[in-house]
Amino acid sequence: MTLMYALLALATVAIVLAVLYRPFGDYMAWVYTSRKDWKIERGIYKVIGVDAKAEQTWQAYLRGVLAFSAVGVLIVYTLQRFQQWLPYSLGLPAPSESLSFNTAVSFVTNTNWQSYSPELTLGYTVQFAGLAVQNFVSAAVGIAVAIALVRGFAYRRSGTIGNFWVDLIRGTLRILLPIAVLGAIVLMIGGVIQNFNGFTTVTTLTGGTQTVPGGPTASQEVIKLLGTNGGGFFNANSSHPFENPTPWTSMFEILLMLAIPFSLPRTFGRMVGDNRQGVAIVSVMAVLYIASFSILTALESAGMGTAPGLAGGAMEGKEQRFGIIGSTLFATTSTGTSTGAVNSMHDSYTAMGGMMPMLNMMLGEVTPGGVGSGLYAILILAVIAVFISGLLIGRTPEYLGKKIGPREIKLAALYILVMPTLVLAGTALSFALPGVREKVESTSIWNPGIHGMSEVLYAFTSAANNNGSAFAGLTANTPWLNTALGVAMLLGRFVPIVFVLALAGSLAAQDKVPTTSGTLPTHRPMFIGLLTAVTVLVTALTFFPVLALGPLAEGLM
Amino acid sequence: MNTQARGVGRTVWVAIRAMVLLTAALGIGYTLVITGIGQLVLPAQANGSIVTTQDGDPVGSALIGQSFSDEEGNPLPEYFQPRPSAAGDGNDGGASSGSNYGPENEDLIAAITDRKTQVAEFNGVTESEVPADAVTASSSGLDPHISAAYAAIQIDRVAEARGIPAAEVRDLVEAHTQGPDLGYLGESRVNVLELNIALNELEG
């Protein structure tokens, strides 16, 4: 029965995404290649002072990304620091400097790590005017960067890679906003709330009292998922009945998270003029996604460990309406897409089960990854895979007609190094710095022993990969973790983007080399296998030691 | 150098205008439109699926679990009991949360052991009959549902406490048992608040 339900749920996801793949991928390709601006877009360009017809060099494109994100951090930080004077602040004071910094960075970098408990910390205005806005635009930035890289492959002898402002506005207006409006209505039909009622008190059936929360939730919920952001309106995130009331809304939320990342490979294939290339990329994503879901579901259903064994099932931290499969499908999706929303508490998963969300992130968020970031991350891995196979067969590596020379492979290699460095250094420093270690052990860690180490490892993995989910027992609202995780989020987002855009510029400047009999075809099963293996190997070699100290040790003891 | 600095300055100025414009459109405009649609077209859901008794008194939300205990926190035998909750002092709608205890946490192991004994004694069943959801805290701390199995072991105790035939209670539980959505999404479940309201109304 369990197996049946799991297969049917997976089949639902597969069928919907397969149906969406072509039309939605083609639509997004049109969005970013169309020469025509909408009237409203022309108005926006006029107001913000942008020449929409002028394409940018990679440096100018990068300046746009960085300036726009810096302004975003400043606005979200300021809104929080002035919270007590904002309307609908629900009487809540301004969060501390370190928390405001962490939250601002978190939402601008598309991470949505939450060191705070929303209903106890943030009023409505910060949420809808600060956080929800970043949920839209950080997603649009992610897609824009991916599209710029795709243009690098598609263009010949070009000094430019597109216009950041045009990509930003089009992605927001033509892709995210229309789906968000429709999706919010669907969620409200399912029971997600949308009001400005604040907290109301009701007298319960037994004569006690209960607080019922309010808030503009549906509008934020939909973009939280569609933009693979993940920051919950409530502390319990998508397990809160007001964010995710039924099993079918949960499936809908899963599809929202997957729609863009799984369709972008089609956009990529379309823009480079060979749809088979997109199919190869999406195949790798799908293989890893299905494998991860299967393993996690098997582990949670088996319910190994003392507490799950005693209870008769791994239901601690899971909602009855979702059950185990509804929880594992959501967890696989959320950690594989860099969303970080949760409809169950990963901290309470079985030891080995809890490792799977971590692994999804450690893969570099490519199963299928966040909006845009998933595509550019896997294209970097494809460059590495092509390079490795080039070494094996002794030819100059090339991908999509572009030579992978020293500059390209250096940029790709640097990209690969950023995330593991942040994860491992952040975790190590948390336990190595005198003063910090005591604080982490006494205040931050919730579960003692090995599991506590896993909580810290999970936090840095989540931050550096811009995921945002947590082993949520961890108290992260401390000066050290707020700052260190904030820095990990910033560097984990923008340092790779620098390398991606530099790579885009370098590829766009090249002419295409003609295909010869010595060219490695990158649309065949052999390349799909190679790319899958490279993705898994890079991760396994980097993270096996630290996983052995954490979840593996706990699970095997 | 000077042109470079001017370029950066101009970019920042574009960024500021873009962010202000997008905040107005996506932060305020979009939120108001969705709120308007919710309040006009779907007011029941948008305001929290509040349920009322036959007399029209609001007693909570159909989506938010509540406790059925006396002031000391002892479970009331005449009501179906919900799952354990880690939200505040239990089912606190202002502080949703799971326990976040790991699988080997001693406190969790002790809590599950205690709950198992308590639930078994309270309902007069053996510990092996107590299902997992009865002894584990949910993810939100506000789970409005219990499993059909947990409802089943509570039927006799509730019937006895209310002095009504167990068959009548069983019929009511059956009527309030919801299968998986579309037949395969999620789990079978019983909404505790709705079931308890129906029980009260049964007696009139």
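This is a predicted model: local features need pLDDT of at least 70, side-chain atom pairs count only at pLDDT 80 or more; totals for chains, interfaces and linings use all residues.

Residues are numbered from 1 along each chain as its sequence is written, chains are lettered from A and ligands numbered from 1 in the order in which they are written, and side-chain values use heavy atoms, with hydrogens and water left out.

At the interface, 100 residues of chain A are in contact with 95 residues of chain B, contact meaning heavy atoms within 4.5 Å. The two chains bury about 7500 Å² between them, 66% of it on carbon and sulfur atoms; buried area is the accessible area (1.4 Å probe) that two parts lose on being put together, summed over both. On the side of chain A, the residues that lose the most area to chain B are A:Leu205, A:Glu316 and A:Gln320, together 11% of what that side buries. Between chain A and chain B the count of salt bridges is zero, a salt bridge being a side-chain nitrogen of Lys or Arg within 4 Å of a carboxyl oxygen of Asp or Glu.

In chain B, B:Asp181 is buried, with a relative accessible area of 9%, where buried means under 20%, exposed over 50% and partly exposed in between (1.4 Å probe, protein chains only). Leaving aside its neighbours within four places in sequence, B:Asp181 is in contact with A:Thr246, A:Pro247, A:Trp248 and B:Arg189.

Side chains of opposite charge can pair when their charged atoms come close. Over all chains, the count comes to 18 salt bridges, and one of them joins the side chains of A:Lys53 and A:Asp37 (3.6 Å, N to O). Here A:Lys53 lies in the loop between helix H2 (39–48) and helix H3 (58–81) of chain A and A:Asp37 in the loop between helix H1 (2–33) and H2, so the pair ties together parts that are 16 residues apart in sequence; helices (H or I, at least four residues) are DSSP runs, numbered from the N terminus. A:Lys53 is exposed, at 59% relative accessible area, whereas A:Asp37 is buried, at 12%. A:Asp37 also meets A:Arg170 in a salt bridge (2.9 Å, N to O), and because A:Arg170 lies in helix H7 of chain A, this pair ties together parts that are 133 residues apart in sequence.

Conventions:
Helices (H or I, at least four residues) and strands (E, at least two) are DSSP runs, numbered from the N terminus.
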